[in-house]
Amino acid sequence: MITAMYFSPTKTTKKTTEAIAAAIGEYGSVDLTNPFARKMKYMYGEGDVLVLGYPVYGGRIPEVILEVLGKLSGEGTIAVVAGVYGNRAYEDALIEGYDLLTERGFKVIAAGAFLGEHSYTDKVATARPDEEDLAVAAEFGKQIRQKIEAGYLEAPEIPGNRPYKKGMPEMPFVPQVKETCSGCGACVKVCPVQAIDKKDPRKTNENCILCCACIKKCTRNAKYFDAAPIDRIVTMLETNCTDRKEPELFI
Ligand SMILES: Cc1cc2nc3c(=O)[nH]c(=O)nc-3n(C[C@H](O)[C@H](O)[C@H](O)COP(=O)(O)O)c2cc1C
């Protein structure tokens, strides 16, 4: 069984992970963006293949999925790591995924750093993954399938440092809401941490992980951050991170 497992608030990781898995073979998905899916324990056997995709947050794996990933178990299960980042840097995110899976009984035979439109600004990595990115993801999946068929299951060299860099700093902000909010609740459904009040979607609590799913989902552009540290990050990204980066494959 081939599984595409991903966490993907704004869907770029979902697209990338599923493109890789589809090129390996027929697959099923586990969407860890859904809070209920994160309550389960996932176990895989020897003949299975796990493609694990996550967005890079602060150069690391998003903290919100560490608990469910910590409960994964494999029995020599073949695994692939896909980190999707917003054209700044992926830093230790791939090596962290490699270590996490290896410690839990998986055999990581490939890893890739892919690009996705930045959660905080659509001016960085705009509309990525695009067709070219998805073609690279599919080609990567094909190479993985060939590697499995050849029975060559060595791990590649994966970039990153140990100990890993420090993760995201505390950012005690939640999205603000403009008058244009109609209270439709579309944001409630996409919030991966149930931080938005069902009865009054204008209210967001401190569980917010700043993933921007609600901001990107809102068709009325009613949600936004009003916080100087986030404005500074956006300015830095739009100033320094607009040159197109390409996916990097390790296989
Ligand atoms: C909290 C947070 C931290 C992020 N940190 C990084 C980072 O360190 N480097 C980077 O290039 N992109 C970073 N991004 C951008 C995301 O990795 C990127 O937009 C990704 O495509 C989002 O995946 P998704 O569409 O599956 O949610 C960050 C985004 C968020 C929300």
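Tutor: On one side of α4, E131, E132 and E149 are exposed. Keep in mind that this is a predicted model, and that every value below is computed from it.

Take the length of the helix next. Helix α4 covers residues 131-149, which makes 19 residues, and at 1.5 Å a residue these should span 27 Å.

Which residues of α4 are buried? They are D133, A137, F140, G141, I144 and K147. These residues cover an arc of only 120 degrees around the axis, which means that they lie on the same side of α4. The exposed residues E131, E132 and E149 are on the other side. A residue counts as buried here when its relative accessible area is under 20%, and as exposed when it is over 50%.

What covers the buried residues of α4? The cover includes helix α1 (12-24) and the strands β4 (77-85), β5 (106-115) and β8 (248-250). As a whole, α4 lies across β3, β4, β5 and β8, and runs at about 165 degrees to β5.

Those strands belong to an open sheet of six strands, in the order β2-β1-β3-β4-β5-β8 and with mixed pairing. Its edge strands are β2 (27-31) and β8, each of which pairs on one side only. From one strand to the next, the twist averages 15 degrees.

Strand β1 (residues 2-6) pairs with β2 in the parallel sense, over five bridges. Within β2, Y27 is the bridge partner of I2, and G28 is that of T3. Five of the five residues of β1 are buried. I2, A4 and Y6 point one way from the strand, while T3 and M5 point the other way.

Now to what comes after the helix. α4 is followed by G151, which has a positive phi, near 70 degrees. L153 lies in the loop between α4 and β6 (176-177). Is L153 buried, partly exposed or exposed? Its relative accessible area is 26%, so L153 is partly exposed. Leaving aside residues up to four places away in sequence, L153 touches I78, K107, I109, K147 and I148. One of these, K147, is also among the buried residues of α4. L153 and I251 are 98 residues apart in sequence, yet their C-alpha atoms are 9.7 Å apart in space.

For the setting, the protein chain has seven helices and eight strands. Its radius of gyration is 18 Å, close to the 18 Å that the globule rule gives for 251 residues, so the chain is as compact as a globular protein of that length. The C-alpha trace spans about 60 × 40 × 35 Å along its principal axes. Of the 251 residues, 50% count as buried. Among contacts with a separation of 6 or more, 80% are between residues 24 or more positions apart.

Methods:
Residues are numbered from 1 along each chain as its sequence is written. This is a predicted model: local features need pLDDT of at least 70, side-chain atom pairs count only at pLDDT 80 or more; totals for chains, interfaces and linings use all residues. Side-chain values use heavy atoms; hydrogens and water are left out. Helices (H or I, at least four residues) and strands (E, at least two) are DSSP runs, numbered from the N terminus. The expected span of a helix is 1.5 Å times one less than its number of residues. Buried means under 20% relative accessible area, exposed over 50%, partly exposed in between (1.4 Å probe, protein chains only). The arc is that of the directions from the helix axis to the C-beta atoms. Contact means heavy atoms within 4.5 Å. Two strands pair if DSSP finds at least two bridges between them. Axes are lines fitted to C-alpha atoms, for helices over the stretch in contact, and angles run from 0 to 180 degrees between N-to-C directions. The radius of gyration is taken over C-alpha atoms; the globule rule is 2.2 Å times the number of residues to the power 0.38.
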